[in-house]
Amino acid sequence: MKYRYFTKILLAFLIAFAPTQTFAKTIKWSMQGDSLTLDPHAQNEGPTTQVSRQVYEALVTRGLDMKIGPQLATEWRTQGPNTWIFKLREDVKFSDGTPFTSEDVVFSILRAKQRTSDFKEYISTVSGVKAVNDYTVEITTSKPNPILLNQLSNIFIMSKKWSEKNFAVMAQNWDAGQETFSATNAMGTGPFKITLREPNTKTVFKRNKKWWGSMKDEKVTEIHLLPIKNAATRVAALLSGEIDVVTDAPVQDLARIKNSPAHKVESTAQMRTIFLGMDQGADKLRTGNTGDNPFKKKAVRQALYQAIDIEAIKKKVMRGLSEPAGIITFPGVNGYTEDLDKRLPYDVNAAKKLLADAGYPNGFEVELRCPNDRYVNDEAICTAVVGMLGKIGVKVSLFAQTKSKHFKELKDNQGDFYMLGWGVPTLDSHYVFHYLYESGASWNRVNFSNSEVDAAIRVMEGEVNLDKRNAAIANAWKIVKDDISYLPLHHQVISWAAKSDVNVPIRPNNEPLFRFASFD
Amino acid sequence: MDNKVITTWGKIKDSEIYFSFIKSPTAIVSSILLAIIFFCSFFVEFLTPYNPFDPSSLSLMDAFTPPSWTSEGQIEFLLGTDGQGRDMLSTILYGSRISLIVGFSAILFSLILGVTLGLTAGFFGGKYEMIVMRLTDVQLTVPSILMALLVDGIARGIISRELHDEMAIYVLIFAIGISEWPQFARVSRAATLVEKNKDYVSASTIIGVSNLAIMFKHILPNIMRPILVIGTIGLALAIIAEATLSFLGVGVPPTTPSLGTLIRLGNDFLFSGEWWITFFPAIFLVILAFSINLLGDWMRDTLNPKLKK
């Protein structure tokens with residue numbers, strides 16, 4: 001008797017689950033860190049945008065080929081130098097069923113311009129936005145803006161109703177540690193919705209059935225994001241089949257993964273430059289021992305620059321997978337030239353002499369702040385730098401911590417000497433200057449200030465004559481490069497590793513688009 | 001025969017401990033190994049030309065050199081180098097010194113704490129004894145590594161970040177020491193209970209020797225044997241506990257690595273074929289803990305009269 005029931009139950013289970021087992025498939029995605037917040041306007045940071053991108057959409061977006069194309073807007077035109085008209089897609093619904101209209105666009109752009117938003121500098125030239133009718137939006141800029149579309153591609157559109165209902169009208173104040181509903185929940189028009197969110201442990205994305213577009217492969221129904229901080233553990237999870245795709249495969253393990261017949265590795269130059277920042281604004285270093293701020297002197301900065309053996313870092317730490325950099329921008333960005341990207345030579349003796357001439361023959365002490373779960377081998381790079389600077393007498397103590405704390409404390413202006421990486425999603429030099437070099441800019445933690453550069457940034461924002469604009473960019477690059485306001489290290493090369501039958505197209509901005517994912 | 005001078009060496013030679021020592025090959029081998037390890041760890045400055053704790057003396061280009069007997073190995077790096085270009089052999093020796101210092105200090109700390117509490121508890125009895133013994137019961141229900149993690153976590157919260165790297169080693173000693181004391185307390189209490197009813201204790205009490213003197217001058221030497229045995233075995237446990245904590249990343253900082261830190265750092269390179277970075281510290285830790293354990297076993301057999309054949 002008992003046995004017969006057992007068979008019946010088993011059969012029932014088989015019938016109930018068999019079809020879904022063959023059809024629905026989950027992609028388990030891992031990287032070393034997690035999104036910092038689900039609020040799409042609270043943090044302008046890589047993995048945060050990578051997660052938001054699956055759930056939220058923007059007016060325009062970059063496709064697999066990194067070219068700008070329509071997303072929530074179907075067409076756009078300019079009306080005079082400062083006015084843009086966007087026609088919106090009419091068949092779009094948010095994942096909770098409410099229709100998407102121009103009200104939501106107006107709300108979202110204004111939300112991204114609020115004081116608490118990390119995107120306010122992103123669209124600082126947007127001076128007005130209004131709904132012409134339900135499916136037409138008019139955006140005005142304070143001056144002609146040649147890169148508005150690039151900027152809008154990262155401004156995600158939220159539902160006005162949902163935000164009002166959940167007290168999320170203001171962008172989350174991440175820097176102040178605020179907790180909001182929108183930081184742990186996401187509701188957008190994109191191909192996925194988030195059904196489970198455990199920060200740093202697990203995030204479950206399920207297909208948004210109300211999405212207007214079509215998936216490349218209908219079998220992809222669920223994405224699980226499982227961040228694994230330790231590189232070896234992440235690789236072990238991939239090799240054992242627990243994880244399907246890793247978007248930051250550790251460089252030292254690529255050979256091992258390639259050896260596995262069930263896995264594949266893809267590498268591409270990433271749109272991200274890693275560099276070190278030195279606070280030149282403070283009168284006295286917080287962690288120094290000389291009672292003044294050596295970084296104020298250009299000779300000191302140059303000494304540090306020339307003491308770093310970037311080729312050794314490339315060969316030993318990055319295993320050849322990096323491109324030594326001379327400026328904080330990479331090929332493909334408007335304003336980049338190979339000439340600018342040349343580095344000062346590595347020369348320990350010259351560095352020692354520079355340091356002695358600047359009045360620090362015995363060097364000085366300083367603390368180097370590093371993230372340990374953000375960039376490729378970030379902590380190992382910092383450890384190597386500590387040793388190299390030790391050779392010219394600069395005694396550096398390393399303080400490596402998790403990225404959320406690292407970034408928060410940097411923005412609190414607590415760092416004397418720190419590591420940061422910078423991607424350029426707009427593919428225009430303006431983005432770099434606007435965040436890293438403009439006086440008082442939010443990520444300008446070296447406290448660099450130069451009126452000529454500030455003036456050039458104004459030209460970049462308002463000049464429609466491309467020749468004049470490019471001249472301003474070139475001039476600004478020359479000034480900041482000669483000043484050595486940052487120590488550029490290298491352009492990152494990223495590698496994605498995945499099971500052979502899971503295809504997630506690799507993109508140079510390291511952002512996976514799971515709507516283009518497929519199974520063999 | 002009568003006029004033979006009795007030297008200390010002669011005394012040792014005549015003792016049963018010496019006799020059982022030279023009759024036991026495991027004891028001889030393990031103590032020789034330990035002697036070598038101790039010597040190398042404490043005189044490492046004179047033995048190797050490298051100082052792995054000084055980052056400015058390292059060259060990144062030396063990083064990932066395999067052991068000298070492999071085809072790409074270099075003779076100046078006998079066991080190869082790690083990811084920062086540190087010579088593995090000297091790093092291991094420097095690291096084992098930290099492991100040994102932490103292990104010894106931690107076990108000494110828990111020995112003093114545990115024996116004091118156990119001895120007084122056994123001697124005075126009453127409510128005091130009950131409280132101490134229930135405390136050990138409570139603590140024995142918590143795994144000692146968890147206890148050490150808890151102490152370390154609290155210490156991290158209290159101590160400011162600037163001081164933390166310097167204080168890390170003391171925190172580690174305290175954390176491991178505090179998690180091991182109940183063993184010592186229990187054993188010394190049990191032994192004290194046996195001793196305190198013996199005639200020499202009663203005699204001392206009658207002639208008016210103070211309690212303190214009775215406990216530490218008369219009873220303590222008589223209960224030292226079992227304490228030494230669990231102390232030796234506890235030393236191996238303490239060294240492993242230190243390695244575990246450092247492996248978990250809550251021990252000493254990576255700039256002054258102990259054996260556990262070295263194993264953790266090498267772990268990242270396991271898949272990439274640089275096996276020596278994690279293998280040699282691990283095998284060194286095994287040899288160290290194994291020799292101490294073997295020596296402890298031999299001591300238990302020798303010092304415990306009940307086990308005598």
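**View 1. Helices H5 and H8 of chain B cross at roughly 35° in this predicted model.** Here H5 (residues 88–124) and H8 (residues 161–195) bring their axes within 5 Å of each other. Axes are lines fitted to C-alpha atoms, for helices over the stretch in contact, and angles run from 0 to 180 degrees between N-to-C directions. Helices (H or I, at least four residues) and strands (E, at least two) are DSSP runs, numbered from the N terminus. The H5(B)–H8(B) crossing is right-handed, that is, the near helix is turned clockwise from the far one by less than a right angle. Their contact holds 21 nonpolar, nine polar and three charged residues. Ala, Val, Leu, Ile, Met, Phe, Trp, Tyr, Cys and Pro count as nonpolar, Asp, Glu, Lys and Arg as charged, and the others, Gly among them, as polar.

**View 2. Chain B meets chain A.** On the B side 16 residues are in contact with 19 residues of chain A (C-beta atoms, placed from the backbone, within 7 Å). Those of chain B comprise nine nonpolar, six polar and one charged.

**View 3. A:Leu427 has a positive phi, near 55°, without being a glycine.** Look for A:Leu427 in the loop between strand S16 (417–423) and helix H14 (429–437) of chain A. A:Leu427 is buried, with 23 C-beta neighbours inside 10 Å (buried: 20 or more other C-beta atoms within 10 Å; exposed: 12 or fewer; partly exposed: in between).

**View 4. A:Ile484, also not a glycine, has a positive phi of about 50°.** A:Ile484 sits in the loop between helix H16 (466–483) and strand S17 (486–499) of chain A. A:Ile484 is partly exposed, with 19 other C-beta atoms within 10 Å.

**Notes.** Residues are numbered from 1 along each chain as its sequence is written, and chains are lettered from A and ligands numbered from 1 in the order in which they are written. In this predicted model, local features need pLDDT of at least 70, side-chain atom pairs count only at pLDDT 80 or more, and totals for chains, interfaces and linings use all residues.

Notes: Two residues are in contact if their C-beta atoms, placed from the backbone, lie within 7 Å.
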